[in-house]
Protein chains: 2
Amino acid sequence: MIKIAVVGYGNIGRYAAGAILSAPDMELSGFVRSSDTSPIPEFPGIPVVKTIEELGKIDIAILSLPSRSVKERAVSYLEKGISTVDSYDIHKDIFELRCTLDAAAKKGNARAVVSTGWDPGTNSVIRAILEACTPKGLTYTNFGPGMSMGHTVAVKAIKGVQNALSMTIPIGTGLHRRMVYVQLAAGADFKEVSNAIKTDPYFINDETHVIQVDNVDNYIDMGHGVSLERRGTSGTTPNQTFQFIMRANNPALTSQIMVCTARAALRQAPGAYTLIELPVIDLLPGEREAIIRRLV
Amino acid sequence: MIKIAVVGYGNIGRYAAGAILSAPDMELSGFVRSSDTSPIPEFPGIPVVKTIEELGKIDIAILSLPSRSVKERAVSYLEKGISTVDSYDIHKDIFELRCTLDAAAKKGNARAVVSTGWDPGTNSVIRAILEACTPKGLTYTNFGPGMSMGHTVAVKAIKGVQNALSMTIPIGTGLHRRMVYVQLAAGADFKEVSNAIKTDPYFINDETHVIQVDNVDNYIDMGHGVSLERRGTSGTTPNQTFQFIMRANNPALTSQIMVCTARAALRQAPGAYTLIELPVIDLLPGEREAIIRRLV
């Protein structure tokens with residue numbers, strides 16, 4: 001049995017624990033939380049500790065932490081020989097994170113998989129597969145409709161905003177409309193808030209609509225989706241078309257993929273990887289022969 | 001530059017040559033044909049030989065041969081140290097082929113990838129990815145509309161049939177209707193032919209319609225497609241849905257994937273593999289860093 005720790009207990013941590021308990025080859029050793037180590041009612045009997053050492057021998061840690069906290073925590077675990085999986089989602093910095101964690105993992109004889117989940121993650125695998133099918137062509141990744149965590153956090157940081165929800169609406173060819181629902185703080189001016197959002201770097205390049213509501217919580221839904229499209233040329237033959245559509249509970253999907261990635265991580269040589277660098281068969285439990293007979 | 005030979009010259013061989021000539025890191029060393037070694041007008045200057053040895057040092061051979069001829073040819077090449085890629089498509093025997101070629105490849109210090117193309121092949125990768133996203137659930141692979149090579153050959157073998165085309169029509173949940181267009185031999189009885197087709201093992205379990213036409217060639221189109229669908233549960237969260245849709249020129253797509261698989265094969269340790277056992281990044285040309293930056 002693979003001994004796994006869940007580090008952090010937000011939406012991803014909670015769903016990851018459920019996925020681990022549903023896996024035939026894994027054991028949930030405990031939760032690591034820096035702030036609150038009281039028992040978690042949803043997971044009775046599962047230890048909640050301040051530092052991972054308190055859980056004894058751990059094979060791998062699911063880092064369900066904000067992207068900006070991933071690097072430091074992963075390096076410290078990897079150097080101690082504890083493998084890690086994260087869902088770091090700042091696309092432009094993924095390769096640098098992989099390089100940093102690669103050195104730490106090799107030092108600690110551990111494995112790290114960076115930036116797994118559905119995007120970056122399984123969508124990256126599908127983009128790679130479609131580029132192999134058609135080396136020349138255009139891929140568009142159309143996100144949503146669904147809540148953007150990053151954009152929502154950016155709106156919440158704006159002065160005068162008490163609560164917010166930023167929805168990502170696909171308008172085709174990889175472009176997105178932002179529908180922003182805001183609940184104002186007492187005395188805030190809607191026009192000022194709306195202008196501040198529309199000129200924020202997160203929104204300035206997209207068509208953005210800001211709508212005032214009384215209670216943002218009434219509109220929150222964890223469903224998300226994607227339509228990933230490619231048209232391209234195989235050899236010298238044009239007009240090969242592909243579309244991948246997903247509709248899912250976002251944190252449930254992200255954390256399930258992280259948990260399968262943890263299994264795959266432990267099957268690799270020490271070092272750091274992105275999901276497209278792993279054989280997909282390694283994500284699945286069970287005998288290799290049975291998987292090949294079932295899926296190939 | 002990877003030196004590649006194309007073995008056989010049917011539809012797949014012809015399109016594979018085009019894909020090799022379009023690749024930035026490959027060189028088409030020549031064609032191997034047992035019957036006819038006259039120059040091929042479409043590929044001027046490319047040698048056509050009877051045995052692969054006549055081409056000098058070859059890294060890998062694309063076996064564009066009927067499935068039943070793959071094993072013998074692959075074993076003979078692998079034992080000589082020439083790696084192979086095939087599109088063997090008899091699903092139930094794929095694992096056995098992989099085992100046989102694994103032994104031959106290790107003996108010759110070569111690599112084999114068996115059963116690549118779009119199904120088995122890239123669809124197998126997508127099925128594996130979707131099982132990682134939702135470990136519990138049902139996947140349906142709906143083929144077509146498109147020409148089934150295997151079913152067409154089966155019809156052509158029936159007495160009284162001069163020419164035939166068997167189209168695969170998806171009717172959902174992985175079931176298919178067979179629309180069979182037949183051109184009768186002189187003196188053949190349509191009712192007898194139709195009965196023979198409907199009771200053939202290839203057709204007896206499917207809804208099959210047989211239609212008499214004057215000239216089958218007027219109906220042949222190399223377009224094919226798939227709709228691969230899964231609904232399943234991530235952790236304990238149900239109703240996660242996925243659909244992958246492809247519409248393509250069938251031999252162009254199959255051969256392009258075989259050519260990319262040849263690149264990936266040479267990046268593995270000696271032995272035999274199916275596509276789900278390879279990291280997808282290995283299918284693509286160019287620097288690993290650039291691929292990760294572009295696709296992850």
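1. Basis. The model is predicted, so that local features need pLDDT of at least 70 and side-chain atom pairs count only at pLDDT 80 or more, while totals for chains, interfaces and linings use all residues. Residues are numbered from 1 along each chain as its sequence is written, chains are lettered from A and ligands numbered from 1 in the order in which they are written, and side-chain values use heavy atoms, with hydrogens and water left out.

2. Extent of the interface. Chain B has 59 residues in contact with 59 residues of chain A (contact means heavy atoms within 4.5 Å). The area buried between the two chains is about 5,200 Å², and carbon and sulfur atoms give 66% of that area; buried area is the accessible area (1.4 Å probe) that two parts lose on being put together, summed over both. B:Phe95, B:Leu295 and B:Val296 supply 13% of what chain B buries against chain A, more than any other three residues.

3. Six salt bridges are found between chain B and chain A, a salt bridge being a side-chain nitrogen of Lys or Arg within 4 Å of a carboxyl oxygen of Asp or Glu. One of the pairs formed under this rule is A:Glu96 with B:Arg293, whose closest N and O atoms are 2.5 Å apart.

4. Elements on the chain B side. The elements that give two or more residues to this side include helix H1 (11-22), helix H3 (94-108) and strand E13 (237-249) of chain B; helices (H or I, at least four residues) and strands (E, at least two) are DSSP runs, numbered from the N terminus. E13(B) gives the most, with twelve residues. By class, the side of chain B that touches chain A has 32 nonpolar, 16 polar and eleven charged residues; Ala, Val, Leu, Ile, Met, Phe, Trp, Tyr, Cys and Pro count as nonpolar, Asp, Glu, Lys and Arg as charged, and the others, Gly among them, as polar.

5. Six strands form an open, antiparallel sheet in the order E7(A)-E12(A)-E13(A)-E13(B)-E12(B)-E7(B), where two strands pair if DSSP finds at least two bridges between them. E7 (136-143) of chain A and E7 (136-143) of chain B stand at the edges with a single partner strand each, so one side of each has no neighbour in the sheet. The twist averages 10° from one strand to the next.

6. Pairing within the sheet. Seven bridges join E13(A) to E13(B) in the antiparallel sense; A:Phe242 has B:Met246 as its bridge partner, and A:Thr241 stands opposite B:Arg247. Within chain A, E12(A) and E13(A) are joined by eleven bridges and form a hairpin with two residues between them, A:Gly235 in the turn having a positive phi of about 60°. E7(A) pairs with E12(A) over eight bridges, with A:Thr141 opposite A:Leu228.

7. Salt bridges overall. The structure holds 34 salt bridges over all chains. A:Asp25 and A:Arg263 meet in one of these, at 2.7 Å from N to O. This pair links distant parts of the chain, 238 residues apart: A:Asp25 lies in the loop between helix H1 (11-22) and strand E2 (26-32), and A:Arg263 in helix H7 (residues 250-265).

Methods:
Axes are lines fitted to C-alpha atoms, for helices over the stretch in contact, and angles run from 0 to 180 degrees between N-to-C directions.
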